[in-house]
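Subject: Structure for you, with notes

Hello,

Here is the structure I promised to pass on. Please open it alongside this message.

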Amino acid sequence: MPGPSEVSAGQRKADALFQSAEILSGQGKPEAIAEFEKAATAGSGRACYSLATLYRQGSLGLTKDMDKALLYYKKGAERRNIACLDEL
């Protein structure tokens, strides 16, 4: 596992986007979805898990969509997110 100084700029960006999305989600703001999507695109497995869960539950104004939930669980699993792997 790389040390803090070895974390890529891309991973730092993904982490920052994820943190922003978590704050918005905690406030119940639907804008969190777009931030989670940006973080997932940047490589965040945690964002993939969050999106999958939101789609599975139909949270933050999303319609329940098990196909999208499964898609994000798979993307998260590809990024070695343990929670996503557990859901598959």
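This is a predicted model: local features need pLDDT of at least 70, side-chain atom pairs count only at pLDDT 80 or more; totals for chains, interfaces and linings use all residues.

Aromatic pairs

The search of the whole structure gave three aromatic pairs. Two are described here.

Take Phe18 and Phe36. Their ring centres are 5.9 Å apart and the planes meet at 55°, so this pair is tilted. Phe18 sits in helix α1 (residues 9–26) and Phe36 in helix α2 (residues 31–41).

Now Tyr55 and Tyr72. The ring centres are 6.0 Å apart, with the planes at 5°, so the pair is stacked. Tyr55 belongs to helix α3 (residues 45–57) and Tyr72 to helix α4 (residues 66–78), so the pair ties together parts 17 residues apart in sequence. Tyr55 and Tyr72 are both buried.

The core

The largest nonpolar core has 22 residues. Which of them touch the most other members? They are Phe36, Leu51 and Tyr72. Helices α1, α2, α3 and α4 each supply at least two residues of this core. Helix α3 gives the most, with six residues.

Tyr72 is worth a look in the viewer. Leaving out residues up to four places away in sequence, Tyr72 touches Glu37, Ala40, Cys48, Leu51, Ala52, Tyr55 and Cys84.

Ser50 lies in helix α3. Is Ser50 buried or exposed? Its relative accessible area is 14%, so Ser50 counts as buried, the cut-off being under 20%. Beyond its neighbours within four places in sequence, Ser50 is in contact with Phe18, Glu22 and Phe36.

Ala14 lies in helix α1. Ala14 is buried, at 0% relative accessible area. Not counting residues up to four places away in sequence, Ala14 touches Ala39, Ala42, Gly43 and Ser44. Ala14 and Ile82 are 68 residues apart in sequence, with their C-alpha atoms 17 Å apart in space.

Salt bridges

The count comes to three salt bridges.

- Arg46 with Asp15: the closest N and O atoms are 3.6 Å apart. Arg46 is in helix α3 and Asp15 in helix α1, so this bridge ties together parts 31 residues apart in sequence. Arg46 is partly exposed, at 37% relative accessible area. Asp15 is also partly exposed, at 27%.
- Lys38 with Glu35: the closest N and O atoms are 3.1 Å apart. Both residues lie in helix α2, three residues apart, about one turn of the helix. Lys38 is partly exposed, at 46% relative accessibility. Glu35 is buried, at 15%.
- Glu87 with Arg56: the closest N and O atoms are 3.6 Å apart. Glu87 is in helix α5 (residues 82–87) and Arg56 in helix α3, 31 residues apart, and the pair links distant parts of the chain. Glu87 is partly exposed, at 38% relative accessibility. Arg56 is partly exposed, at 27%.

Surface

Leu70, Ile82, Leu85 and Leu88 make a nonpolar surface patch of about 370 Å². Leu70 is found in helix α4. Leu70 is partly exposed, with a relative accessible area of 37%.

Best wishes

How values were computed
Residues are numbered from 1 along each chain as its sequence is written. Side-chain values use heavy atoms; hydrogens and water are left out. Rings of Phe, Tyr and Trp (its six-membered ring) pair if their centres lie within 6.5 Å; planes under 30 degrees apart count as stacked, over 60 as edge-to-face and the rest as tilted. Helices (H or I, at least four residues) and strands (E, at least two) are DSSP runs, numbered from the N terminus. Buried means under 20% relative accessible area, exposed over 50%, partly exposed in between (1.4 Å probe, protein chains only). Contact means heavy atoms within 4.5 Å. Patches are made of residues with over 30% relative accessible area and no salt bridge: like charges are joined within 9 Å, nonpolar side chains (Val, Leu, Ile, Met, Phe, Trp, Tyr) within 5 Å. Accessible areas come from the Shrake-Rupley method with a 1.4 Å probe; for residues, only the protein chains shown count as cover. A salt bridge is a side-chain nitrogen of Lys or Arg within 4 Å of a carboxyl oxygen of Asp or Glu. A nonpolar core is a set of buried Ala, Val, Leu, Ile, Met, Phe, Trp, Tyr and Cys residues joined through side-chain atoms within 4.5 Å.
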